[in-house]
Amino acid sequence: MAQEDILAIVMAAGKGTRMKSNKSKLVHKIYGKEIIKRAIENVKNAGIDEVIAVVGYQKEQIEEVLGDSVKYAIQEEQLGTGHAVMKASKFLENKSGKVLILNGDHPIMRPETLKNLVSVSKERNESATILTMVHDKTIPYGKIIHDENGNIKEIIEHKDCNAEQINIKEVNLGMYCFDIKELLSALKELKNDNMQEEYYLTDVIKIMYNKGLKTGSVVVSDNTEVLGVNDRMDLQVLTKALQLRINTEHLKNGVTIEDINNTYIYDDVKIGMDTIIHPNTTIKSDVIIGEECEIGPNAYIREKCRLANKVKVGSFVEIKNAIIGEGTKVPHLSYMGDCEIGAKSNIGCGTITCNYDGFNKSKTIIGEHSFIGSNTNLVAPVTLGKNTFVAAGSTITDDVPDDSLAIARERQVNKEGWNKK
Ligand code: UD1
Ligand code: MG
């Protein structure tokens with residue numbers, strides 16, 4: 001449900017030099033979805049409808065991904081996170097209440113974590129509430145300095161820390177809930193007298209604290225959800241964290257996954273109880289799999305597949321936009337794309353739907369109780385009726401009526417004694 005009187009600013013203008021890429025860091029994907037798209041979806045799923053994205057460096061790429069799902073503020077020169085928020089401040093003028101400000105490079109935040117940050121900030125009546133984590137390793141994030149009452153005095157960037165500060169274990173995650181009026185006033189006082197000569201958003205905290213305003217932190221309970229992406233190793237760490245989260249959810253729902261480390265299930269996949277997923281299987285977004293199915297090992301299930309109960313999709317099988325009826329088996333080495341297969345059919349090893357002629361994608365329909373012999377090519381568009389039988393090695397170009405046998409291959413010729421001559 002939408003939360004009233006709150007909007008969000010997502011900072012997405014930075015260069016992301018540590019990625020070593022020609023693309024903006026924020027359009028790199030985790031499980032098929034761009035970092036920035038994930039960040040924005042998390043905010044929206046926290047119930048915040050009005051989102052402003054600050055864009056600048058390679059902004060066309062970001063705008064292409066986000067379209068009109070957000071409003072845009074432009075930061076032509078990347079002079080720091082504080083400067084980025086200044087560029088969005090016109091959206092805050094004449095408003096009161098809270099604003100959630102987020103780094104755009106933390107893609108797997110749970111929406112509940114953001115919701116909680118806002119509600120705690122309101123409850124405690126703080127001018128700034130900062131999401132933090134406590135980590136036993138030294139990670140290169142801003143360090144949180146509390147006073148004896150628990151207020152945050154300041155945040156010191158990793159690069160600006162002295163030998164003692166660098167060991168502080170509570171760090172800034174770049175997610176803040178601010179009082180709008182106090183934020184606007186503090187932004188006016190920001191300076192860039194630091195190591196990186198940037199306007200740090202984090203310096204707003206010190207300004208507020210010195211005015212006697214309340215500033216506090218909310219420490220996250222799960223450190224894996226809140227990490228940011230600065231380089232390719234971070235991208236790998238976050239992909240693995242998301243994989244574990246999604247796979248664990250399926251286990252809880254009664255799905256057996258033989259090897260959760262080597263099973264890749266994207267967002268928006270539904271899998272029924274007692275289905276077994278064998279290793280090295282990839283299941284992309286927008287897929288529904290029924291109960292008691294058996295998938296893999298080495299299966300690739302792409303978008304828009306709908307599998308009824310008790311379907312088997314075995315080794316080295318790729319399926320895409322395939323509707324497969326109850327009890328049907330596609331056991332090995334097949335490509336079934338853009339097709340509808342009725343119940344209780346068997347698709348022989350090596351069957352391929354020839355769904356693409358270089359211009360258009362066409363559909364293959366196979367009725368229930370059919371048997372497709374091994375190594376068959378089904379040249380789409382083509383319809384096979386119910387209870388049909390296709391001889392192995394056929395190339396089917398014409399429709400097959402119900403209850404028929406189709407043979408579409410050269411007859412074998414044996415030339416006796418040929419090899420001796
Ligand atoms: C920032 C925080 C740091 C925190 C860390 C968590 C500051 C000064 N530091 O550091 O305390 O621990 O995030 O990840 O805020 N961006 C702009 N415009 C700019 C600069 C950055 O829009 O001029 C955007 C980036 O695209 C990115 C986000 O702001 O989405 C954070 O920038 P980044 O350079 O990654 O900041 P960190 O050094 O990670
Ligand atoms: Mg960062």
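Biologist: Where does Pro381 lie?

Modeller: Pro381 lies in the loop that runs between strand E27 (377–379) and strand E28 (382–384). Please bear in mind that this is a predicted model.

Biologist: And the peptide bond from Ala380 to Pro381, is it cis or trans?

Modeller: The bond joining Ala380 to Pro381 is cis, and its omega is near 0°. In general, most peptide bonds are trans.

Biologist: What about the bond from Gly296 to Pro297, cis or trans?

Modeller: The peptide bond from Gly296 to Pro297 is cis, with omega near 0°. Pro297 belongs to the loop between strand E18 (294–295) and strand E19 (299–301).

Biologist: Let us turn to backbone angles. What is the phi of Gln58?

Modeller: Gln58 is not a glycine, yet its phi is positive, at about 50°. Most residues other than glycine have a negative phi.

Biologist: Where is Gln58 found, and is Gln58 buried or exposed?

Modeller: Gln58 is in the loop between strand E4 (51–55) and helix H2 (59–66). Its relative accessibility is 19%, and because the limit for buried is under 20%, Gln58 counts as buried.

Biologist: What is the phi of Phe316, and is Phe316 buried or exposed?

Modeller: Phe316 has a positive phi near 55°. The residue is part of strand E21 (residues 312–324), and at 52% relative accessibility Phe316 counts as exposed.

Biologist: Now the metal. Which protein donors does the magnesium ion (ligand 2) have?

Modeller: The protein donors are Asp105, through OD, and Asn230, through OD1, and they lie 2.4 to 2.5 Å from the magnesium ion. Asp105 sits in the loop between strand E6 (98–103) and helix H4 (111–124), and Asn230 in the loop between strand E11 (215–219) and helix H7 (232–252), so the pair ties together parts that are 125 residues apart in sequence.

Biologist: Are Asp105 and Asn230 buried or exposed?

Modeller: Both Asp105 and Asn230 are buried.

Biologist: One more topic: at what angle do helix H1 and H2 pack?

Modeller: Helix H1 (residues 35–45) packs against H2 at an angle of about 50°, and the two axes are 9 Å apart. H1 and H2 are therefore oblique to each other. Their crossing is right-handed.

Biologist: Which residues make the contact?

Modeller: From H1 the contact uses Ile36, Lys37 and Ile40, and from H2 it uses Ile62, Val65 and Leu66. Five residues of this contact between H1 and H2 are nonpolar, none is polar and one is charged.

How values were computed:
Residues are numbered from 1 along each chain as its sequence is written. Chains are lettered from A and ligands numbered from 1 in the order in which they are written. This is a predicted model: local features need pLDDT of at least 70, side-chain atom pairs count only at pLDDT 80 or more; totals for chains, interfaces and linings use all residues. Side-chain values use heavy atoms; hydrogens and water are left out. Helices (H or I, at least four residues) and strands (E, at least two) are DSSP runs, numbered from the N terminus. Buried means under 20% relative accessible area, exposed over 50%, partly exposed in between (1.4 Å probe, protein chains only). Donors are N, O and S atoms within 2.8 Å of the metal (3.2 Å for Na, K and Ca); water is not among the atoms, so sites may look incomplete. Axes are lines fitted to C-alpha atoms, for helices over the stretch in contact, and angles run from 0 to 180 degrees between N-to-C directions. Angles under 35 degrees count as roughly parallel, over 145 as roughly antiparallel, 65 to 115 as roughly perpendicular and the rest as oblique. A crossing is left-handed if the near helix is turned anticlockwise from the far one by less than a right angle, and right-handed if clockwise. Contact means heavy atoms within 4.5 Å. Ala, Val, Leu, Ile, Met, Phe, Trp, Tyr, Cys and Pro count as nonpolar, Asp, Glu, Lys and Arg as charged, and the others, Gly among them, as polar.
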